[in-house]
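Trainee: Could you walk me through reading a model like this one, starting with its pocket?
Mentor: Gladly, let's look together.

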Amino acid sequence: MAVEGNENVHGAGPETLAEPRAARRYPVAPGYRVNVRSGPGTGYQVVRVLPYGARVPVHCQKPGERVTGPYGTSDLWDNIGNGQFVSDAYVDTGSDGYVAVRCA
């Protein structure tokens with residue numbers, strides 16, 4: 001099972017930092033090939049297209065263009081990789097709000 005973020009491990013000795021864990025992967029809406037864009041809006045360049053049945057990590061999220069998709073209307077965009085964003089309206093995160101930290 002994947003868990004987001006880092007954990008500090010406290011013990012009798014000095015504090016150590018555990019290995020970072022992979023971001024949780026969320027399913028893209030069934031029956032959709034979703035455009036991955038270079039920024040949080042449809043005006044940004046398409047850098048690739050996700051295949052049917054894709055699952056994506058959500059490293060961070062940021063507000064951007066408002067988009068309507070199978071999971072409602074949202075201005076949240078999910079960062080799934082370096083310079084890669086998809087509208088949260090196409091990702092089944094189980095929430096209408098943030099499920100990851102805000103992107104810097």
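Mentor: Tyr32, Arg33, Val34, Asn35, Arg37, Thr42, Val67, Trp77, Val86, Ser87 and Tyr90 line the largest pocket. The elements that give two or more residues to this lining are β4 (35-37) and β9. This is a predicted model, where local features need pLDDT of at least 70 and side-chain atom pairs count only at pLDDT 80 or more, while totals for chains, interfaces and linings use all residues. Residues are numbered from 1 along each chain as its sequence is written, and side-chain values use heavy atoms, with hydrogens and water left out.

Trainee: What counts as a pocket, and how much space lies in the largest pocket?

Mentor: On a 1 Å grid over the protein atoms alone, a pocket is an open set of points where a 1.4 Å probe fits, with protein on both sides within 12 Å along at least five of seven lines; lining residues have an atom within 4 Å of a point. Here the largest pocket holds about 160 Å³, and its lining has six nonpolar, three polar and two charged residues.

Trainee: How many helices and strands does the chain have?

Mentor: Strands are DSSP runs of E with at least two residues, helices runs of H or I with at least four, numbered from the N terminus. This chain has nine strands and zero helices.

Trainee: Why is β8 described as largely enclosed?

Mentor: Buried means under 20% relative accessible area, exposed over 50%, and partly exposed in between, using a 1.4 Å probe and protein chains only. Seven of the 10 residues of β8 are buried, so the rest of the structure largely encloses this strand. Across the chain, buried residues make up 35% of the 104 residues.

Trainee: Is Thr93 buried or exposed?

Mentor: Thr93 is buried, because its relative accessibility is 11%. Thr93 sits in the segment after β9 (84-87). Taking contact as heavy atoms within 4.5 Å, Thr93 touches Tyr26, Asp78, Asp88 and Val99, leaving aside neighbours within four places in sequence.

Note on methods
Grid points are joined across faces, edges and corners, and a volume is the space filled by probe spheres set on the points. Ala, Val, Leu, Ile, Met, Phe, Trp, Tyr, Cys and Pro count as nonpolar, Asp, Glu, Lys and Arg as charged, and the others, Gly among them, as polar.
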